[in-house]
Amino acid sequence: MKKLTLSLTLVLLLISSGAVAGEATQELKSSIDKVIGMFKDKQKALTPEAKSIQRKKIFAMALDLFNFDEMSKRTLGKEWKQLSNDQQKKFSHLFARFLANIYYQRLEEYTNEKVKYLDERHHKNKSLVKTIIVTQKNEIPMDYKLLKSDRWRVYDISIEGVSLVRNYRSQFHKILMKQGMNDLMNMMKQKLGQFSDL
Amino acid sequence: MPQSKTIIFMMLFIFGFFLHAPIHAASPKTDQADTEIQDDDWAFDDEFDENIDKPVPPGIWDPLEKMNRCIFKINDTLYFWCIKPVVQTYNHYTPSPVRVGLMNFFNNINMPQRAVNCLLQLRPIDSGTEIIAFAVNSTIGVAGFTTPSKTYFNLESHNEDLGQTLGSYGIGNGFYLVLPFLGSSTLRDLTGSIGDNYLDPVNYIEDSYVVIGVSSVRTLNAMSFRAGEYEKIKEMAFEPYSAVKDGYIQYRTKQIEK
């Protein structure tokens, strides 16, 4: 009887741990932990030189964490198909640098918030990982959508139900309706000018 | 409040009129590619955005865009010239525990709105939870300045309003509105907030100067927790108006789903 209960609990433990921490969650968590680790000891990056090194490191990590090509494709929707290969590359490169800069800026405000991993769901080669950011004041739900290529990479983030990709899609749609692709690219370059280059 | 009553009736009238309109209007310029639905498993695919050809779902009708953009601009200026400095000064002189206490207090007295709307959404247990939380916080929680309901009794608060209730009945957004000072709203949510006013105990104070004073403190205190948020949104956005509009609609849709 004891053996039975023991094996049952073991099985239950295995099932539960498997359900909470799937492959996608694990890869996501390890990437996020790595990034957050850099910002835990803040003193390291106070000089401009140290900051620019940190920025470069974050960009390298962001390439592991995010699937920027997929993000660009999804934010442009059907306009993406009308672009030439060259234009697609240019756009995706610009958008990647823009998002990475935003990401870096948000990380700089990091003050020991904890990330709780709640749930993971699968569909074909995609995964949805639900998390909660616990701050001193409140809890912010944050969902990651990941796509499996050589590894799991994030292609959309929803903060309190607001999807980043959808939000940019609505903006780009408006800009492309009134102006054109070239104007959009110029706007991106201008926006990037606000940040120091990665 | 006889005036607001007539406003509600007017709103409901317009509502009935527009109820069907947004469905067609929400998908402007439906090109041939948009109608491609590749998978039967539509609901699940939608969660993962399988159909990237679809134009900006869920979309919102914005017939008053010109006026909205104008008010958006005015609000933007107001924010930087007036609201931001006031909030900064307030934050500077009011320590965080005081602000949190005030926020808890105002949240607590807003219980009727949450309880009634839970009930209207046929969620009697959640509604009861709100009432119990109110009783606990008003007594042990020192007139609602602290939240023992959350910290000791683990009672979850449900931030429901009439806009969400109407949404849960299947009533669409109607159209998008930018209100002076208040910002994003929709016809449905504006109607809802007018109705919610009747459940706001502050409005039952007889002296109207006191009502204005209390409401101002409540608004200012609530704003103090969101200092810098708008700047971040603007920094991230290429087209702030569309970004805020879409963000609001997505946020509300999620709230209604809950």
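**Ground rules.** For helix packing, I take axes as lines fitted to C-alpha atoms over the stretch in contact, with angles running from 0 to 180 degrees between N-to-C directions. I also keep in mind that this is a predicted model.

Entry: I started with α6 (residues 164–178) of chain A and α13(B), which pack at an angle of about 140 degrees, their axes 9 Å apart. Angles over 145 would count as roughly antiparallel, and therefore α6(A) and α13(B) go down as oblique to each other. I noted the crossing of α6(A) and α13(B) as right-handed.

Next I listed who meets whom. From α6(A) I have Arg166(A), Asn167(A), Ser170(A), Gln171(A) and Lys174(A). Facing them from α13(B) are Ser242(B), Ala243(B), Asp246(B), Gly247(B) and Gln250(B). Sorted by class, this contact of α6(A) with α13(B) comes to one nonpolar, six polar and three charged residues.

**Entry: the whole interface.** I then stepped back to the two chains. 22 residues of chain B are in contact with 26 residues of chain A. On the side of chain B that touches chain A, α3 (42–47) and α13 (240–257) of chain B each supply at least two residues. Which element gives the most to that side of chain B? I found that α13(B) does, with eight residues. The residues on that side of chain B split into twelve nonpolar, four polar and six charged.

**Entry: a helix pair inside chain A.** I looked up helix α4 (residues 68–76) of chain A against helix α5 (residues 85–108) of chain A, and got an angle of about 105 degrees with the axes 9 Å apart. That makes α4(A) roughly perpendicular to α5(A). On the α4(A) side, I wrote down Phe68(A), Asp69(A), Met71(A) and Ser72(A). On the α5(A) side, the contact is made by Phe91(A), Ser92(A), Phe95(A), Ala96(A) and Leu99(A). The class count for the contact of α4(A) with α5(A) is six nonpolar, two polar and one charged.

**Entry: the sheet in chain A.** I traced five strands of chain A forming an open sheet in the order β1-β2-β3-β4-β5, with antiparallel pairing. β1 and β5 (162–163) of chain A stand at the edges, each with a single partner strand, so one side of each has no neighbour in the sheet.

At one end, strand β1 (residues 114–123) of chain A runs antiparallel to strand β2 (residues 126–134) of chain A, joined by nine bridges.

**Entry: chain B in outline.** I counted 13 helices and two strands in the secondary structure of chain B. Of the 258 residues in chain B, 25% are buried. Taking contacts in chain B between residues at least 6 apart in sequence, I see that 67% join residues at least 24 apart.

**Entry: the chain B hairpin.** The strands are β1 (residues 176–179) and β2 (residues 183–186) of chain B, antiparallel and joined by four bridges. Val178(B) sits opposite Ser184(B) in β2(B). Three residues lie between the strands of this hairpin, and Phe181(B) has a positive phi near 70 degrees. Is Phe181(B) buried or exposed? With 12 C-beta neighbours inside 10 Å, Phe181(B) counts as exposed.

Entry: Most residues other than glycine have a negative phi. I flagged Leu122(B), which is not a glycine but has a positive phi of about 60 degrees. Where does Leu122(B) lie? I placed Leu122(B) in the loop between α6 (111–120) and α7 of chain B. Leu122(B) has 10 C-beta neighbours inside 10 Å and counts as exposed.

Entry: I found Gly128(B) in helix α7 (residues 124–139) of chain B. With 13 C-beta neighbours inside 10 Å, Gly128(B) counts as partly exposed. The C-alpha atoms of Gly128(B) and Val116(B) are 9.8 Å apart, with the two residues twelve apart along the chain.

How values were computed. Residues numbered from 1 in each chain as written. Chains lettered and ligands numbered in written order. Predicted model: local features only at pLDDT ≥ 70, side-chain atom pairs only at ≥ 80, totals over all residues. Contact = placed C-beta atoms within 7 Å. Nonpolar A, V, L, I, M, F, W, Y, C, P; charged D, E, K, R; others polar. Pairing = 2+ DSSP bridges. Parallel < 35°, antiparallel > 145°, perpendicular 65-115°, else oblique. Left-handed = near helix turned anticlockwise from the far one by under 90°. Buried ≥ 20, exposed ≤ 12 C-beta atoms within 10 Å, placed from the backbone.
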